[in-house]
Amino acid sequence: GDRESGVAAELIRPIIREFVEMPPEPPRPPPAVTQPGFWRSFATRAKAALAMMVCFLCILWAGHFYVWLLILMLQVLSFRELLNVRYQDYKKDTEKAMPLFRTLQWGWFYAAQFYVYADFVHEFALQNHTQHKLTQPFSRYWEAISFFLYCVVFTLSVYTLRVDAVRYQVGQLSWTIVTLCIVVGQMKFVAHNIFEGLFWFFFPVWLVVHNDCWAYAWGALLGRRFITQPFFSLSPKKTWEGFVGALVSTIVVAFYTAPLFARSRWLSCPATSLTLRFHEPLACEPAAVFRTRSEMKLGFVTLRDVSPIQLHAVVFGLFASVVAPFGGFLASAIKRAYEVKDFDSLIPGHGGVTDRVDCEFIMALFVYVYHKTFIAEPEGWRALAAAAARLPEGDRRLLAGAIC
């Protein structure tokens, strides 16, 4: 019996020792708002954010075409910043000097941009017969032009490969293609969102900005007060409290602000022309998704005085809070990999353009896919309506009478 007791004691003793001698839990860090320099940094960020908001609203007021130009400019700046992350290493090593190195990177970008937006202009011309005569020659040859540009850039990229630097060149080519997927691929349908109605561009941007602000606010107030583990290891400032708080706050904001923006004809009406005129007047009947219903059944729940856009807005808010932030996490991973704090210093307190729009890329793609799948009219009806619009007025009346 004594022998068995001794064996048991030997087995239990390490467990007791580990429990008794376990180091005390480290003190939880104080809230970020109490740390030195927080409010000075906050003031810098707030001033820059206010200036960006004013400029953005002015461009939004100007019209669809000017919002499109804004997107083009932001894509150029973001592509430049992402290229510069690796270009710094290239400049440090003179032995890597290669012909047309920078030119080919931008050649890939402009060839991809031409294809993406030429496709949009072609589709827009088919849907809006008033623009069809102006773009008819372009609509016939845009695919051939796009393929020609691709062949030129592709051929030069292969022809300029050097034996002593081919490994580095292929790595740079791969990075250029990845950057194109981020900046151009994910934004392929952003022009469709803009001209379908500024609501489908402005509202997702509104939600992503809100989510970012709420994550910053909740993280500063409650960060690591409940969960000390960072939300994302490559971005230690991201906290679980900020993520969860921003999720709830963004969904609430989405549900209650969607109908407010939907009341604006300027935001809800689609554009029917590509015009340089400022604030071209728009007139349309509100789409069914924007109309308030006295009663709406959702499974076993009955909602009163709500519009369908509010329910869709909840999905938008959920995506903006759960998936879109990972665009920012990818940007954080890239910066950490190349040991840079920000992509640029263009915006005081914020960094570069990519630091601000990293979450917007995938959000824009989601909105297009979701709108086309669950909200927009079927393509067949859209094509029929576009064809009917080209008929003379008398024929349109006969067609309408036959259908009705």
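Is Glu 339 buried or exposed? In this predicted model, Glu 339 has a relative accessible area of 74%, and because exposed means over 50%, the residue counts as exposed. Glu 339 is found in the loop between α12 and α13 (353–357), and its phi is positive, at about 55°, although the residue is not a glycine.

A second residue with a positive phi is His 279, where the angle is about 50° and the residue is again not a glycine. His 279 has its place in the loop between α10 and β1, and with a relative accessible area of 28% this histidine is partly exposed.

## Overall composition

The secondary structure of the chain comes to 16 helices and two strands. Of the 404 residues in the chain, 39% are buried. Among the contacts with a separation of 6 or more, 72% are accounted for by residues 24 or more positions apart.

## Nonpolar cores

The largest nonpolar core holds 69 residues, and the members that touch the most others are Trp 200, Phe 203, Phe 316 and Met 363. Helix α4 (residues 101–127) gives the most to this core, contributing 10 residues. A second, separate core consists of five residues, including Tyr 87, Met 98, Ala 165 and Tyr 168.

Leaving aside residues up to four places away in sequence, Phe 316 touches Trp 200, Phe 203, Leu 207, Met 363, Phe 366, Val 367 and Tyr 370. Phe 316 is one of the buried residues of α11, a group that also includes Pro 308, Ile 309, His 312 and Phe 319. Helix α11 itself (residues 308–322) has 15 residues and reaches 22 Å from its first C-alpha to its last, which is close to the 21 Å expected at 1.5 Å a residue. The elements that cover the buried residues of α11 include the helices α8, α9 (240–262), α12 (325–337) and α14, together with the strands β1 (293–298) and β2 (301–306).

Gln 113 lies in helix α4 and counts as buried because its relative accessibility is 7%, which is under the 20% limit. Apart from residues up to four places away in sequence, Gln 113 touches Leu 72, Gln 75 and Val 184.

## Aromatic pairs and a charge over a ring

| Pair | Centre to centre | Angle between planes | Arrangement |
|---|---|---|---|
| Phe 202 and Trp 206 | 6.1 Å | 35° | tilted |
| Tyr 370 and Phe 374 | 4.9 Å | 45° | tilted |

Phe 202 and Trp 206 both lie in helix α8 (residues 199–222), four residues apart, or about one turn of the helix. Tyr 370 and Phe 374 are likewise four residues apart, in helix α14 (residues 360–375), and are therefore separated by about one helical turn. An α-helix has 3.6 residues a turn, so residues three or four places apart point the same way.

Phe 202 counts as buried at 8% relative accessibility, whereas Trp 206, at 26%, counts as partly exposed. In the other pair, Tyr 370 counts as buried at 11%, while Phe 374 counts as exposed at 56%.

A ring is also involved in an arrangement with a charged residue: the charged end of Arg 45 sits over the ring of Tyr 216, at 5.0 Å from the centre of that ring.

## The disulfide and other cysteines

The structure holds one disulfide, formed by Cys 269 and Cys 284, whose sulfur atoms are 1.9 Å apart. The torsion about its S-S bond is about -90°, and the disulfide is therefore left-handed. Both cysteines lie in the loop between α10 (265–268) and β1, with 15 residues separating their positions in the chain. A disulfide is a covalent bond between the sulfur atoms of two cysteines.

How exposed are the two partners? Cys 269 is buried, with a relative accessible area of 1%, whereas Cys 284 counts as partly exposed at 22% relative accessibility. His 279, described above, has its place in the loop between α10 and β1 as well.

Methods
Residues are numbered from 1 along each chain as its sequence is written. This is a predicted model: local features need pLDDT of at least 70, side-chain atom pairs count only at pLDDT 80 or more; totals for chains, interfaces and linings use all residues. Side-chain values use heavy atoms; hydrogens and water are left out. A nonpolar core is a set of buried Ala, Val, Leu, Ile, Met, Phe, Trp, Tyr and Cys residues joined through side-chain atoms within 4.5 Å. Buried means under 20% relative accessible area, exposed over 50%, partly exposed in between (1.4 Å probe, protein chains only). Contact means heavy atoms within 4.5 Å. Rings of Phe, Tyr and Trp (its six-membered ring) pair if their centres lie within 6.5 Å; planes under 30 degrees apart count as stacked, over 60 as edge-to-face and the rest as tilted. A charge sits over a ring if NZ of Lys or CZ of Arg is within 6 Å of the ring centre and within 35 degrees of the ring normal. The expected span of a helix is 1.5 Å times one less than its number of residues. A disulfide is a pair of cysteine sulfur atoms within 2.5 Å.
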